[in-house]
Structure formats: C-alpha cells, structure tokens
Amino acid sequence: MDMMYAYWGKADGNASGHHLLVYHALDVAAVAAVLLEQRPELLRRLATAMGLPPEAAKCWCSFLLGLHDLGKFAETFQQLREDLRIALWPDKHIRMHNYSIRHDTLGWLLWRQFLRNELFDPNDEELQDFIDEGMNYWLAAVTGHHGWPPDDAQQPIKSHFRDFDKQAALSFCRDWLALLQPDLSLLKQHFEDPDFARNQQKASWLLAGIAVLADWLGSDSARFCYCDQPLPLFEYWEKYALPTAREAVKAAGILPPPVQCIEQPRELFDYLEMPTPLQQACLDLPIGTEPQLFILEDVTGSGKTEAALILAARLMAAGQAQGLYIGLPTMATANAMYDRMSTVYERLYRPGEPRPSLILSHSARHLSESFQQSLLAAQASATHYGEEESIVAQCNRWLADNRKKALLADVGIGTIDQALLAVMPARHQSLRLLGLVGKVLILDEVHAYHAYTSEPLKRLIRFHAALGGSVILLSATLTRKQRTDFIAAFQGVTQAGPKSVEYPLLTQVNTGEILVEQSVPTRSSVARKVTVHQHRDEEAVCDEIRAAVEAGQCVCWIRNTVFDAREAWRMLQDADWLDSDRLHLFHSRYALADRLRIEQDMLERFGKASTPEQRSGRVLIATQVVEQSLDLDFDRMIADLAPIDLLIQRAGRLHRHQRGDRGTPVLDVYAPEPTDEPQADWYKAWFPKAHYVYPDTLVLWRTTRLLAEQGGWRMPDDARDLLEPVYDADGLIPVGLADNAQEVDGDTYAKQDAGKFASLRLEGGYRSGPLWDEEARVATRLGDESRTIYLARWQKGQLTAWADEGHYRWDLSSLRINAKPLQELAPVDDPALQQALADLRDNEKLFDEGSLIVPFVVEEGTWRAIGMTEKGQQVTIEYDADTGLEIRGAT
C-alpha cells in the first residue's frame, strides 16, 4: 500500500483501536458487496433502480462505498489527531484550522471540486454527462453515510485540503478503481438514454441506506481489527475485508430467512375455521411479478388484517418480498397488533435457522411488557454453538437498539410515524427506507390521517412502489377521493381513477393500471343495522343512560373533549340512580401509568371476555381514546356529534361481540337541530370547545341531516351513501356556512402544502436542500402545539416520579398536553425544590433543560402545582389518578 494515502480513519480513541483510512474504506465496501451478494433481492432492486445489470450494480456500489470517507483525507480532519499525523509524516508542517465542516461534506467538496475532473479520463467527453448527473447522486449518497446528505457548502477545498491531501485521495481512488474495474463502457451505452441519469436519482435513496448500514457494520472495531501492516489493496481486500464482512453480515442477523409457501389460511391462523369472503378473494386473486397496491375496504370485524396477511404471504412466496411492516395509527393499536402477530409471524417462514425477527417500533415500545419479554425469550432460547452463540438474541438486541434499525427486522409492527420518517428529512431516513425495501407495507386505518399526514403517507407509498415494493391499505370508511389519491401515489401519475362504487371492495393496482375492482360480500355475522336517535339536550341523554342502567345494560358516552367528558362525569356523579362505583371516566390526560391501569380496567369490564355481572349497569364517559385502540363492547352507545366516518367507527363498539340477542344496536347522537338555514356558529354554540376539534361545520351539518333523514344505516349496504354525500366537494353549502367552508378549505390546503414541504421528493434524489436540518424536529403529524410533561410528587423534601413502581417510572409519569395553556412551570420559590429539580435533570438521562417537570404538592387533599400559559398567565394545575390532569385559570 502506498503510504501516501495511509491516513488515520478516526480522530478519537487510542491508536490500537483505529483502522487506517483506506482499510476502513475497504471494510465498508466489503460489507456492501457481501450484503448485495447474500441478499440478491436487494441487489435486484438496486440494479433495477440504476438501470444496470446486477453484477455491474454490485461492482459500482462496492466501488462507491470505498469512497464514502473521502472527506477524512482533509487536513482539517486529520489534525484532530495531530499526534498521529506527525508520527506518519514528521516532515509535513500542519496548518491549524477549525474543523467547522463535517467529513461527509468535505468528501462531497473534494469530489465536486477536484476528483470529478481527475479520476476518470478527462479526454473522454462521453463520460461528462454521467459524471455531472449520475455520479453526483451516487457520491452524495455514499458521502452522506452518517444519516443525512452532505451540505452543499460553497467553501473552496483549499481551506481544508492541501495539495498533498488531494493527491493522496486521488492516488487511492485510482488504485481502488483499478482493483474493482467497474465497467465504464457499460455506462456509455446509456448516454443517449435521457432517463438514465434520472434513474440515478431514484437509486440514490437506496444507495444511501446501504451506505449507512455498511458503515455501521464496517465500523465495528471488535470485528474489523486494526491492521498496521502496509499491504496492497488487493491483498487486504481478499484476505481481510471480504472474509470479515461475511462474518459481520451474518452476525448482524439481517439476512432474511427463506419464506414459506402458504396455501390455506389455517396454516397462518389456527382460529380461522372458514375464510371470510374478503379473505377468500385474497386467496384467489392472481399475483403478478410487479409491485402492486391492494386496497381492502370492508366493515369492522370482517377480517381485513388476516386478509392482508394472506396477501402478504402470497407476495412473499412469489418472491416479491422477504418480510412485512404493519403501520398503525396509535401506539396502543401497534401494541395489540404485536401481541397478535407474535403467534403468527414465524409461520411465514420455513422452520429452522435463521429464525425470523419480530420487532415493535414506536416511541414507547420499551414500556411494552410483551416486547421486553420477547427479547428475553429469544435470548434464553437461542442455541449456543461456539462462534454461532445466541445469533437470534444478537439479532434481536441489535435491531431493538433503536427505532431506526427496527425497520430492518423481518417483521415489523409499529406506528405509521416510524414508516413516515423514511420519507421525511430526519436523520437516518435512508436506513428506515432501506428497512422497508423488500417488505410488504401494510397500513391500517388509512382513512384516519388528516390533511398534513396524508401527504407524507402518499409520498411513502410512492417511494415504496418506485423501489419495487407492494403496499396493502386497509379501511372501513374510505372516500372515493382518498382511494383515487392513493392509487395515483402508487402509480406516480394521475391516470384513470377507480370506477366501482361497490362496498365491500377489493382493489388491485400495478404501476400502470387498475387491474381489479372486485366487489365482495360481507360475512353475515358482521353485516348489521344500526338505528340512530338524535337528542337535543343533556337531560334527554341522561334519561337514555338511566333507562339503560335500570335495564342492566352497560353504556358509553363518547364526548369530543376532555372538558365535556369531565362535565358529564360530574353531572352523573350527582345522580341518585347511579352508584358512583359503576361510573367510569377515561380520556387522554392521564399519566401513562394511570392510563394503562384504566385501559386494563375498561378491558376487564367491557372487553370481549367481560361477564354480564361485570357489565351490568355500568357507565363509561370517555373521549376518542375508545374509538380505535381498545376492543370494547357496549350495549348502548351515545356520541356527541362528530363527522360521519367517526360515528360509524364509534358505532363499531356497539354489540361488537356475540352475547345473545341484544336487539338492534342503537346509537344515540347528541347534536343540534339540523335546520335548513344553519348559522356560522351552528356547531360552535352547541359545543364551544369541540369546535376546535372538529372545525368543519359543513361536514357536521351534513352528517346530522343525513342521519335525521335515514334514521340510521345498514352495513355494508349504506357505506358509500353515508360517506360520499357528507364529503362531496360539489354538494350543497348553506349560505350561513359558506365562510366556514371556505376557511376550512384554506386550512386544509395549507396543511397539505405543509405536508408536501415536510416530506421528501423521490425525483429530487438524495441531495441536500432546505429541508435537511439535523437539529430540526421532524413532525409526522401536525401537533407541534403539544408537548410531553412529567408529573412529580414533592413531599418531605423528596422529589419522586408520580408512578411509584415499574422500571420506567418517569416514562410512566408522563403525558402529552396542549402547550398553550401550560407552556412552562411558574418560578419555584422553594430552594430545596429548585435544587431537587436541577439534580434530577443532571442525573436522569431522560431529561434535559427543556423537559417540563411538574412538581405537585398536596394542598387540602389535592395535588397542585403552578404553571404559566403561552401568554404568561399563571394557572393552577391539579392532578388526580381518577380524573386526570386539569389546568384551571387558562383562557
């Protein structure tokens, strides 16, 4: 090896833990080569994106990964270990500079300002277009291996590289090029193809993910041991880099096991006696070889999840995927799905080794007992065979290390947010995207995402399709426009939209056309009629609740705000016909420990396994927290007026399970009169706080008029006739609601634009831009006005977490609230409390200076604290384990 480019590759730690820079470059390139060699489906996707034969794509990828650390040739980087550079070149004077630019950007500068003109034959003009376009995207992807693209800095490289540095880098690049010999003549065949350079924009996203993963694995100094012997590149590549890379890739547990061919649903689901019509349709549907989008629309309880898994198994058996990721709207639904999949996922793969990995991915997954137990079980059951010791446990621990790696698991379950971050300018976005490549992407409740989140959702579908992935969308209440938008996102262009108005419906789409719009019947056990009664005052609602209680039924009243839920709960506390121990309250403003306790209590009293004795005469006052996340079943349901799709969702908690003859389900809706000429405050005057939750008065007015006319619905027959008239952009708008409708439209367009701006464009390629900011907090949902607070008790000179047991007491003491009524803690007068808060921030890793820790003290039997609003107004904060958090005095 020419000592001219024997630079050190790291600038910290002891010399014994270092790689020579070029050795590390070859280590990382070797990991990429082995990864593509052992994951032929990944190589196929990369080659397709690049528009090159697989072997050529593999060679170019390996060559490019060898250039990922070009920025470390810079004097400004090397001076970070001045002692080592002096030891290597004692006769070279070192100029001191501030290391103000990261080495990824330095490598990008070196390429743009020097190497691009020197590495390839400068007299070969045919290469110029490729170098200016395709190679630029490739180099941006590999130099951006720390999780974001290199900055497009305009500084001259002479500020960071001496001539000696540039020549050392060029010498290495030429030797490396000569070693791998990527076929330049093959590239020349594409120079006349106008799409070739544009294809590299698409390929750059995948290449960037491979670069991050290869750098992570290739930087393991315990495996890629330090070598201080000068060796020819070929010798190091063959004797050290490639063999060690094979060990590293195998030990990482990221090679998918062989999939199983599933022929009958019972092979996946023991409990499935007979496929539902939707499941049977998914079994019979022809599966092509190209990426496909499937949209499954059916009523709640129709087995959509099992149908989606049947499709996923068939796609995997057809060689289209090696795993799957299921994205859900909430952490609670993700936890529930994780529990369901824990007994199913291994059946998607052939028995034996390696065993597939199942990972839960969301921000609070460490609080999931079943997830923690699954990691312990994998470690305990793993077989030990010398160097193969505990491979399953190693894999699970590595993948569970953080949520960025979690998407690399064979089967992932998590919130939609973890998948959306794959198409948003968040650090290590490309690793998340790589984790989804080769998986069937299953997204549930896709109707539930509003204007902002729907935009990155469509971008996610677009990216996944472009990189060769199939997508399955599930919904019970999808509008025609939403279906059209999802199809257009998958195809990348707006073509002929869906035509069928049938329901339930199975839609199959490839990247060029709609293949199937198949009407399927609903199984008889979930087809039903729901009667709707509307009430105009709370007294009538209370009468309905009393009648149900006296009949021994259980009742739920879903209110649209926490304030309204508390008001109803307090009103019923004073009722002499209802025992206080049979009245329950549940909403979103509880510390996590209390919320989990209440959730479990509600499942015991109103869940599938609840007994008549547990249910009889009980009343639950709740907010939207019971709409989706919990499998609850009520005899009677009352709901404040909400958009029609949400009322349908709430009615899904009525007579959810078979409990004998309970008659026709009745949904009681508390709503204002659906007058022909509503005024602008038609809804706001009735629900002054809920107006901010559901600002689209026109949708609410149309909902209540429709229900007044029809008196209920029959599912699945009325599904389209309920949704389309309410959300019809060309429908009737009363004069009094015209301004509100225009305002809502403007707000919707603004949120859509914000969602588009906040998400990445496939066509832009993996390049720097105004979106990328490593310090920025990327929002997958519009909720910047909310924040996490941590509840503490201050008593007897001790500051303790509100939750008094468990491994994660501060996590369990947290909740999210609107930041406006509680922006910060009021100044603390007690010096001892001030010191305790400071000590807590110093000693607890969870907290930083911005963490809002609320210390409660007992006053007259109530836990109270003092806070400040966004406007500087002082407020009183109260907390009770049964009623939750209340902020008093905010306006």
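Student: Why is Trp-205 called buried in this predicted model?

Tutor: Trp-205 has a relative accessible area of 1%. Buried means under 20%, so Trp-205 counts as buried.

Student: What makes Phe-463 buried or exposed?

Tutor: The relative accessibility of Phe-463 is 0%. That value is under 20%, so Phe-463 is buried.

Student: Why are Trp-205 and Phe-463 called an aromatic pair, and what kind of pair is it?

Tutor: Their centres are 5.2 Å apart, and rings pair if the centres lie within 6.5 Å. The planes make an angle of 75°; over 60 degrees counts as edge-to-face, so that is the name for this pair.

Student: Which parts of the chain does the pair link?

Tutor: Distant ones: Trp-205 sits in helix H11 and Phe-463 in helix H21, 258 residues apart.

Student: How do you know that Trp-810 and Phe-847 are edge-to-face?

Tutor: Here the ring centres are 5.3 Å apart, within the 6.5 Å limit, and the planes stand at 80°, which is over 60, so the pair is edge-to-face. Trp-810 belongs to helix H31, while Phe-847 lies in the loop between helix H32 and strand S20.

Student: Why is Trp-810 called buried?

Tutor: Its relative accessible area is 11%, and the cut-off is under 20%, so Trp-810 is buried. Phe-847, at 6%, is buried as well.

Student: What makes Arg-767 a charge over the ring of Tyr-137?

Tutor: Arg-767 lies over the face of Tyr-137 at 4.9 Å from the ring centre, and the distance limit is 6 Å. Lys-166 lies over the face of Phe-114, at 5.2 Å from the ring centre.

Notes
Residues numbered from 1 in each chain as written. Predicted model: local features only at pLDDT ≥ 70, side-chain atom pairs only at ≥ 80, totals over all residues. Heavy atoms only, no water. Phe/Tyr/Trp six-rings, centres within 6.5 Å; stacked < 30°, edge-to-face > 60°. Helix = DSSP H or I, 4+ residues; strand = E, 2+ residues; numbered from the N terminus. Buried < 20%, exposed > 50% of the residue type's maximum accessible area, 1.4 Å probe, protein only. Lys NZ or Arg CZ within 6 Å of the ring centre and 35° of its normal.
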